[in-house]
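Please look over the sequence and the 3D structure shown here. A short report on the main features comes after them.

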Amino acid sequence: MLKEFKEFALKGNVMDLAVGVVIGGAFGKIVTSLVNDIITPLIGLLLGKVDFSGLFINLSGVPHKTLAEAKEAHAATLNYGLFLNSVIDFVIIAFSIFIVIKQLNRFKRKQEVEQAPVTTKECPHCISAIPIKATRCPNCTSMLETKGTTLAHE
């Protein structure tokens, strides 16, 4: 069982996935910081000096001035400001992934176009490369199959 697990863990796909998860986690932290420390303060400034992370609706009935104070008192709150930050965070990450996938697809299409069209085929009798439109092998002079007809060796 240990041998099978080692084979599974060391396969290329598992290692690629592990690297992707680590890089994705780091990327997520960068985007979260971008949202919390740069984007939402700028949006808040444009909307009248509003701090999104401090926006909440107190459900407990006891007044609290800040979200931190409400959390400390274990008051029930709807933290819609934090939710807005998370939504902005998600949109940025989703857009970034969209851009990366779009670029990868563009590179794939270029590689597919760059592949030369097939211009030769293999003679079934002498296994040599011959032009794809050939009806007779120039090496062994065998007649080749042409749309519905059979091969004949002379």
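## Model and domains

This is a predicted model. The domain assignment gives the protein three parts: domain 1 (1-49), domain 2 (51-113) and domain 3 (116-144).

## Spans from the UniProt record

An unreviewed UniProt entry lists residues 12-31, 38-60 and 80-101 under "transmembrane region". The annotation comes from that record. Such annotations may be inferred rather than shown by experiment.

Two of these spans can be described from the model. Residues 80-101 are 100% helix and 0% strand. Their end C-alpha atoms are 31 Å apart. Residues 38-60 read 39% helix and 9% strand. The end C-alpha atoms of residues 38-60 lie 31 Å apart.

## The largest pocket

Which residues line the largest pocket? They are I23, G24, F27, G28, I93, S96, I97, V100 and I101. The volume of this pocket is about 160 Å³. Two elements, α2 (12-46) and α4, each give two or more residues to its lining. Helix α4 gives the most, with five residues. By type, the lining has six nonpolar residues, three polar ones and no charged ones.

V31 is found in helix α2. Is V31 buried or exposed? V31 is buried, because its relative accessible area is 4% and the cut-off for buried is under 20%.

In sequence, V31 and I93 are 62 residues apart. In space, their C-alpha atoms are 6.9 Å apart.

## Along helix α4

Helix α4 covers residues 80-114. By the ring rule used here, the count comes to one aromatic pair. F95 and F98 form that pair. Their ring centres are 6.4 Å apart, and the angle between the planes is 35°. The pair is tilted, because 35° falls between the cut-offs, with stacked under 30 degrees and edge-to-face over 60.

F95 and F98 are three residues apart in helix α4, so about one helical turn separates them. F95 counts as exposed, with 53% relative accessibility. F98 counts as partly exposed, at 47%. The two labels differ because exposed means over 50%.

K108 is also found in helix α4. K108 is exposed, with a relative accessible area of 51%. K108 and T66 are 42 residues apart in sequence. The distance between their C-alpha atoms is 51 Å.

## Two residues with positive phi

Most residues other than glycine have a negative phi. H74 is not a glycine, yet its phi is positive, at about 55°. Where is H74 in the chain? H74 lies in the loop between α3 (67-72) and β2 (77-78). H74 is exposed, with a relative accessible area of 73%.

T141 is another non-glycine residue with a positive phi, near 60°. T141 sits in the segment after β4. Its relative accessible area is 39%, so T141 is partly exposed.

P124 is found in the loop between β3 (120-122) and β4 (129-131). P124 counts as partly exposed, at 44% relative accessibility.

How far apart are P124 and L144, and what is their spacing in sequence? P124 and L144 are 20 residues apart in sequence. Their C-alpha atoms are 8.3 Å apart in space.

Notes
Residues are numbered from 1 along each chain as its sequence is written. This is a predicted model: local features need pLDDT of at least 70, side-chain atom pairs count only at pLDDT 80 or more; totals for chains, interfaces and linings use all residues. Side-chain values use heavy atoms; hydrogens and water are left out. Helices (H or I, at least four residues) and strands (E, at least two) are DSSP runs, numbered from the N terminus. Buried means under 20% relative accessible area, exposed over 50%, partly exposed in between (1.4 Å probe, protein chains only). Rings of Phe, Tyr and Trp (its six-membered ring) pair if their centres lie within 6.5 Å; planes under 30 degrees apart count as stacked, over 60 as edge-to-face and the rest as tilted. On a 1 Å grid over the protein atoms alone, a cavity is a set of points where a 1.4 Å probe fits but cannot get out, and a pocket is an open set with protein on both sides within 12 Å along at least five of seven lines; lining residues have an atom within 4 Å of a point. Grid points are joined across faces, edges and corners, and a volume is the space filled by probe spheres set on the points. Ala, Val, Leu, Ile, Met, Phe, Trp, Tyr, Cys and Pro count as nonpolar, Asp, Glu, Lys and Arg as charged, and the others, Gly among them, as polar. Domain bounds come from an automatic or database domain assignment.
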